[in-house]
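My notebook is open, and I am going to look up a few things in this structure. Follow along with me.

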Amino acid sequence: MRGKKLSTSRKMARGVAVTALTVAGTMSVTVPAAVAAQAPVKSESAPVANEAFGRLGPLTDLVVERLRVSDDVAASKFGTGSPIDDPAREQQVLDQVRGQATALGLDPEVAAAFFRDQITASKVVQRGLFDRWTAHPDEAPTTRPDLGQIRTRLDQLTTALLGQLQATVDVRADSRSCTVQLTLAAGSAVVLDRLDALHRRALGTAVHSVCTG
């Protein structure tokens with residue numbers, strides 16, 4: 001019985017996503033926020049669906065996962081005086097990205113631009129959560145995740161994201177097709193993952209340069 005309920009819920013979610021994407025397509029395929037504005041708010045316990053649609057779906061799923069890790073980054077820093085901006089770490093990430101991208105046959109500067117967006121999007125999430133927790137201390141995290149473990153996970157996501165950039169070179173090379181596929185992927189991720197307003201805004205930042213390289 002429980003499996004049947006989950007299946008019905010998943011079908012309903014897909015129906016909502018398709019409807020939202022249809023509406024967005026009549027407005028502008030370049031702005032995933034056209035879908036995001038209609039998405040429900042994600043509860044803290046809601047699972048990540050990881051089923052973004054289209055050829056850029058797997059890439060978008062990883063982007064969303066990285067945004068979720070940003071929640072842990074914020075929790076590890078909040079109340080410690082540690083700054084959100086970390087130029088040394090950011091440069092280290094971008095240097096790592098350029099090296100790995102070159103080894104994969106990707107344009108290192110295109111890859112670096114994409115990851116610069118990921119870093120910026122992470123800061124959007126962190127600042128938003130800092131503001132929320134400062135205004136509502138009762139919502140602040142009660143545990144502090146280990147930043148070293150978080151960085152290990154981010155390094156793993158870097159490798160996975162680069163793999164998806166390599167796997168989607170053909171679709172991203174065609175700006176029109178890429179824009180359509182990105183709207184499909186980002187729009188469905190917003191609905192299926194039930195992203196809240198903060199994470200919707202961060203997702204828009206994170207996918208900004210997907211179709212420019």
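I count a contact when heavy atoms lie within 4.5 Å. My helices are DSSP runs (H or I, at least four residues), numbered from the N terminus. This is a predicted model, where local features need pLDDT of at least 70, side-chain atom pairs count only at pLDDT 80 or more, and totals for chains, interfaces and linings use all residues. Residues are numbered from 1 along each chain as its sequence is written, and side-chain values use heavy atoms, with hydrogens and water left out.

**Entry: two helices**

I looked up helix 3 (residues 57-77) and helix 5 (residues 108-135), and found that they meet through residues including Leu59, Val63 and Leu67 in helix 3 and Phe114, Ile119 and Phe130 in helix 5.

**Entry: aromatic rings**

Which kind of pair do the rings of Phe78 and Phe130 form? I pair rings of Phe, Tyr and Trp (its six-membered ring) if their centres lie within 6.5 Å; planes under 30 degrees apart are stacked, over 60 edge-to-face and the rest tilted. I found three aromatic pairs in the structure. The centres of Phe78 and Phe130 are 5.3 Å apart and the planes stand at 75 degrees, so this pair is edge-to-face. Phe78 sits in the loop between helix 3 and helix 4 and Phe130 in helix 5, so the pair ties together parts 52 residues apart in sequence. Phe78 also pairs with Trp133 edge-to-face. I noted that ring pairs link Phe78, Phe130 and Trp133 into a cluster.

**Entry: burial**

Phe78 and Trp133 are both buried (under 20% relative accessible area; exposed is over 50%, partly exposed in between, with a 1.4 Å probe and protein chains only). Phe130 has 16% relative accessibility, so I wrote it down as buried.

Terms used: Axes fitted to C-alpha atoms, helices over the stretch in contact; angles between N-to-C directions.
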